Amino acid sequence: MPSQENRSITDLGTLKALAHPLRMRLYRALCVSRTATASHLADQVDEAVSLVSYHLRKLAEHGLVEEAEPQSADGRERWWQPASEGVSIRDADFRDAPERAAAHIAATRLFHEQRADMYRRYLDERPTWGPGWNSAAPDSEALLRLTAGELDEMREELIALMNKYDALGRAAGDTEGRENVAVHVYGFPFRV
């Protein structure tokens, strides 16, 4: 079981460790499975076990993942789990120096590209999900006129709502009809 609810990343080294394309995919896969071996994760990301093991150790050096209790009798297997329920990376923690701000923007771009890839994969696989899932999957855009404070309040309310449904899903476990669901929310100012 992860030791912290949510870890706030504020140091550049940890941000750079997570902002590696394969490491982020491994971290995300481990968050979904909750525990896994390097072999299990290597199958999911289609990479060599030795490479996956290396990147898991790098994530562990920064406290992002940790060893988990063995899930099988095979003592040779090393099991991993996320060190926290999730991570939080805030702009405010990286805008104090140009190098830190640039690293934060680069990491954010990577995270958004991977999220877009996940959504494109869903669209490609959409016919296999059936009408129930396709009707339930939101795809919307709202163009609002807000202050920075109102946007921040909305962000907090959306996080609370997602946490509520995450808790429901965790409590229900692997019940029939339950699938992994990604919810991506972006809110940002723009000018026409």
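Colleague: Which residues does Arg23 touch, not counting residues up to four places away in sequence?
Modeller: Keep in mind that this is a predicted model. Arg23 touches Lys16, Ala17 and Leu18, and also Tyr54, His55, Lys58 and Leu59.

Colleague: And where is the place of Arg23?
Modeller: Arg23 is in helix H2.

Colleague: Is Arg23 buried or exposed?
Modeller: Buried, yet Arg23 has no salt bridge. The nearest side chain of opposite charge belongs to Glu61, and that is 7.7 Å away. The cut-off for a salt bridge is 4 Å.

Colleague: What lies 3.4 Å from a polar atom of the Arg23 side chain?
Modeller: The backbone oxygen of Ala17. Ala17 is also one of the residues that Arg23 touches.

Colleague: Back to H2. What does the helix lie across?
Modeller: Helix H2, residues 21-33, lies across S2, S3 and S4. H2 runs at about 95 degrees to S4.

Colleague: What is the order of the strands in the sheet?
Modeller: S2-S4-S3. The sheet is open, has 3 strands and pairs antiparallel. Strands S2 (36-37) and S3 (65-67) are the edges, each pairing on one side only.

Colleague: How many bridges join S3 to S4?
Modeller: 3 bridges, with S4 covering residues 79-82. Val65 stands opposite Pro82 in S4. Glu67 stands opposite Trp80 in S4.

Colleague: How many join S2 to S4?
Modeller: 2 bridges, and those strands run antiparallel. Ala36 has Trp80 as its bridge partner in S4.

Colleague: Which residues are buried on the faces of S4?
Modeller: Both faces are covered. Trp79 and Gln81 are buried on one side, Trp80 and Pro82 on the other.

Colleague: Switching topic. Where is the place of Asp117?
Modeller: Asp117 sits in helix H5, residues 98-136.

Colleague: Why is Asp117 classed as partly exposed?
Modeller: Because its relative accessible area is 42%. Buried means under 20% and exposed means over 50%, so a value in between counts as partly exposed.

Colleague: Which side chain does a polar contact join to that of Asp117?
Modeller: The side chain of Arg120, at 2.5 Å.

How values were computed: Residues numbered from 1 in each chain as written. Predicted model: local features only at pLDDT ≥ 70, side-chain atom pairs only at ≥ 80, totals over all residues. Heavy atoms only, no water. Pairing = 2+ DSSP bridges. Helix = DSSP H or I, 4+ residues; strand = E, 2+ residues; numbered from the N terminus. Contact = heavy atoms within 4.5 Å. Axes fitted to C-alpha atoms, helices over the stretch in contact; angles between N-to-C directions. Buried < 20%, exposed > 50% of the residue type's maximum accessible area, 1.4 Å probe, protein only. Polar contact = N/O pair within 3.5 Å; in protein donor to acceptor, adjacent residues only side chain to side chain. Lys, Arg positive; Asp, Glu negative; His and termini not counted.
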